[in-house]
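Subject: Structure handover

Hi,

Here is the structure for your files. My notes follow below it.

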Amino acid sequence: MEYSSKLLENAVYEMSQLPGIGKRTALRLVLHLLKQPEERTTYLAGSLMKLREEINFCSSCHNISDTALCEICSNPKRDESLVCVVEDIRDVMAIENTSQYQGLYHVLGGKISPMEGVGPQDLNIASLVKKVKSGKVKELIFALSSTMEGDTTNFYMYKQLEGCDVTTSTIARGISVGDELEYADEITLGRSILNRVPFESSIKAN
């Protein structure tokens, strides 16, 4: 693709680095921004810079937050004995949208994937084990995507927690095998949380 401006080419290249954005879509977005009042681009750039500079990760669950402790973890109405383990922040949003869950979360930051060079040490698993050993958590819900990597991560966490006084469950398989959690509809996801099953049963089923 030929560009009449190096500035335009650079902007399109940077925009195309975003997931799901190809060169043509990036060009359309950049040209759209050029047509807008200059302050719109300034607001966009400013909000992104502010996000990068000021965003926090919750010291307890690793969710994105404006403060050291996120609103969910600091809410006294949430059940701190129940913790839902998810892959990333998008899964927290998906489950919260169901309005079916009143416990806390633990965001792993990914899932074990040797093919992508992601091992247990790259995830927030050690802090989860520490949280369970504190004695406050009575049940862990493994709510990772129904993929090979998700199942591997679930099993690894299960083995790490052997001997701990905690119940482990997994979301019901209303979520199709191979599906990413964030794409499930709210009703199906909500029912999967409510109808969770003991994790040991899911191992035997596989």
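Start with one side-chain contact. The side chain of aspartate 88 makes a polar contact with the side chain of arginine 90, at 2.7 Å. A polar contact here is a pair of N or O atoms within 3.5 Å; within protein, one must be able to donate a hydrogen and the other to accept it, and residues adjacent in sequence count only if both atoms are side-chain atoms. Aspartate 88 sits in the loop between strand S3 (79–86) and helix H4 (89–96). Helices (H or I, at least four residues) and strands (E, at least two) are DSSP runs, numbered from the N terminus. Aspartate 88 has a relative accessible area of 16%, so it counts as buried (under 20%; exposed is over 50%, partly exposed in between, with a 1.4 Å probe and protein chains only).

Before you read on: this is a predicted model, where local features need pLDDT of at least 70, side-chain atom pairs count only at pLDDT 80 or more, and totals for chains, interfaces and linings use all residues. Residues are numbered from 1 along each chain as its sequence is written, and side-chain values use heavy atoms, with hydrogens and water left out.

A second contact involves glutamine 121. Its side chain makes a polar contact with the side chain of aspartate 122, at 3.5 Å. Glutamine 121 lies in the loop between S4 and helix H5 (126–133). Its relative accessible area is 63%, so glutamine 121 is exposed.

Next, the aromatics. The whole structure holds two aromatic pairs. One of them joins phenylalanine 155 and tyrosine 158; the pair is tilted, with 6.5 Å centre to centre and 35° between the planes. For the rule, rings of Phe, Tyr and Trp (its six-membered ring) pair if their centres lie within 6.5 Å; planes under 30 degrees apart count as stacked, over 60 as edge-to-face and the rest as tilted. Both residues are in helix H6 (residues 148–160), three residues apart, about one turn of the helix. Phenylalanine 155 is partly exposed at 39% relative accessibility. Tyrosine 158 is buried at 18%.

Now the cysteines. Cysteine 58 is buried, with a relative accessible area of 1%. For cysteine 70, the closest cysteine sulfur is also that of cysteine 61, and 3.7 Å is too far for a bond. Cysteine 70 is buried too, at 2%.

The largest pocket holds about 480 Å³ of space. It has 17 lining residues; Ala11, Met15, Val30, Leu33 and Leu44 lie nearest its centre. Helix H1 (6–15), helix H2 (23–35) and helix H3 (38–54) each give two or more residues to that lining. The lining splits into 13 nonpolar, three polar and one charged.

The second largest pocket has a volume of about 270 Å³. Its lining has 14 residues, with Ser60, Glu80, Leu104, Lys131 and Lys136 nearest the centre. S3 and strand S4 (103–107) each give two or more residues.

On terms: a pocket is an open set of points on a 1 Å grid over the protein atoms alone, with protein on both sides within 12 Å along at least five of seven lines; lining residues have an atom within 4 Å of a point.

Best wishes

How values were computed: On a 1 Å grid over the protein atoms alone, a cavity is a set of points where a 1.4 Å probe fits but cannot get out, and a pocket is an open set with protein on both sides within 12 Å along at least five of seven lines; lining residues have an atom within 4 Å of a point. Grid points are joined across faces, edges and corners, and a volume is the space filled by probe spheres set on the points. Ala, Val, Leu, Ile, Met, Phe, Trp, Tyr, Cys and Pro count as nonpolar, Asp, Glu, Lys and Arg as charged, and the others, Gly among them, as polar. A disulfide is a pair of cysteine sulfur atoms within 2.5 Å.
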